[in-house]
Amino acid sequence: MSLATPTSIVNLTVHGIGTPIRKLDEGEDAVWVTVEQFEGVLDTVPRRSDVRVTFDDGNESDLEIALPHLLKRGLTAQFFIPAGLLGMPGRLDRDGVRELVRAGMTIGSHGWAHRDWRRLGPGQKHEEFVEAHRLLEELAGKPVSDVSIPFGSYDRHVLQRLREAGATRVYTSDGGRARPDSSLQARTSLPSDVDSAWIGRVVEGAPSLPRRARQIAARTVKRFRG
């Protein structure tokens with residue numbers, strides 16, 4: 001396969017892997033995958049220059065399961081972490097974040113407490129957009145300017161707050177492909193029933209024109225609503 005820079009990419013999002021060791025939030029089981037499913041996805045990635053792997057929610061499985069499998073294949077990934085949940089049962093702790101960084105992984109912000117950013121109170125805004133970045137930068141030992149949006153919930157006000165907070169790249173849950181250099185990066189979450197057919201459709205296949213039109217329309221609405 002050519003190593004030329006791709007004109008579009010697929011951002012895959014992993015939430016949790018293996019047997020959960022904490023009580024999952026409502027609906028969270030829909031994006032929790034087995035170790036075997038995760039390996040099947042990773043085995044596709046080395047052959048693709050247009051696929052990137054990201055992680056949300058700061059689950060302990062990021063360190064205990066994902067990291068060894070990534071290193072075994074010579075892969076790197078980006079981990080978006082809710083800073084205020086560090087050290088809670090089933091979550092990464094501060095040493096875990098440092099270990100990911102030492103292993104060559106990239107850290108991004110998933111806010112503070114996994115809240116809907118369209119429905120924040122005044123005090124919560126400071127935590128989500130300022131304190132989270134400060135803590136993660138301290139742990140990573142470098143600037144953290146990439147952000148993933150909890151629940152994929154955003155509007156023009158959220159995007160404005162992120163710009164004011166110094167975010168340079170924002171990852172959504174909109175699905176579909178993205179331009180490599182775009183400041184707004186669409187992502188596709190791995191579902192609990194992910195298999196080789198799903199991987200083929202998302203990674204290899206191009207969406208139909210009607211589906212592509214719906215994706216663009218949905219993203220446009222989100223960017224300008226509010």
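Visitor: In which hand does helix 1 pass helix 2, right-handed or left-handed?

Guide: A crossing is left-handed if the near helix is turned anticlockwise from the far one by less than a right angle, and right-handed if clockwise. Here helix 1 passes helix 2 in a right-handed crossing. Please note that this is a predicted model, in which local features need pLDDT of at least 70 and side-chain atom pairs count only at pLDDT 80 or more, while totals for chains, interfaces and linings use all residues. Residues are numbered from 1 along each chain as its sequence is written, and side-chain values use heavy atoms, with hydrogens and water left out.

Visitor: At what angle do the axes of helix 1 and helix 2 cross?

Guide: Helices (H or I, at least four residues) and strands (E, at least two) are DSSP runs, numbered from the N terminus. Axes are lines fitted to C-alpha atoms, for helices over the stretch in contact, and angles run from 0 to 180 degrees between N-to-C directions. The axes of helix 1 (residues 35-42) and helix 2 (residues 61-72) cross at roughly 30° and come within 11 Å. Helix 1 is therefore roughly parallel to helix 2; angles under 35 degrees count as roughly parallel, over 145 as roughly antiparallel, 65 to 115 as roughly perpendicular and the rest as oblique.

Visitor: Which residues of helix 1 and helix 2 meet?

Guide: Contact means heavy atoms within 4.5 Å. V35, F38, E39 and L42 in helix 1 meet I65, A66, H69 and L70 in helix 2. By class, this contact of helix 1 with helix 2 has 6 nonpolar, 1 polar and 1 charged residues. Ala, Val, Leu, Ile, Met, Phe, Trp, Tyr, Cys and Pro count as nonpolar, Asp, Glu, Lys and Arg as charged, and the others, Gly among them, as polar.

Visitor: How do helix 2 and helix 3 pack?

Guide: Their angle is about 20°, with the axes 10 Å apart. That makes helix 2 roughly parallel to helix 3. The crossing of helix 2 and helix 3 is left-handed. D62, L63 and L67 in helix 2 meet G96, E99 and L100 in helix 3.

Visitor: What angle do helix 3 and helix 4 make?

Guide: Helix 3 (residues 94-102) and helix 4 (residues 122-140) pack at about 55°, their axes 9 Å apart. Helix 3 and helix 4 are therefore oblique to each other, and their crossing is right-handed.

Visitor: Where are H114 and F151 found?

Guide: H114 is in the loop between strand 6 (106-109) and helix 4, and F151 is in the loop between strand 7 (146-148) and helix 5 (156-164). Most residues other than glycine have a negative phi. Phi of H114, however, is near 55°, a positive value, and phi of F151 is near 65°, also positive.

Visitor: Which residues are closest to the centre of the second largest pocket?

Guide: Of the 18 residues that line the second largest pocket, those closest to its centre are H15, V31, D57, H114 and F151. A pocket is an open set of points, on a 1 Å grid over the protein atoms alone, where a 1.4 Å probe fits, with protein on both sides within 12 Å along at least five of seven lines; lining residues have an atom within 4 Å of a point. The lining of the second largest pocket divides into 4 nonpolar, 7 polar and 7 charged residues.
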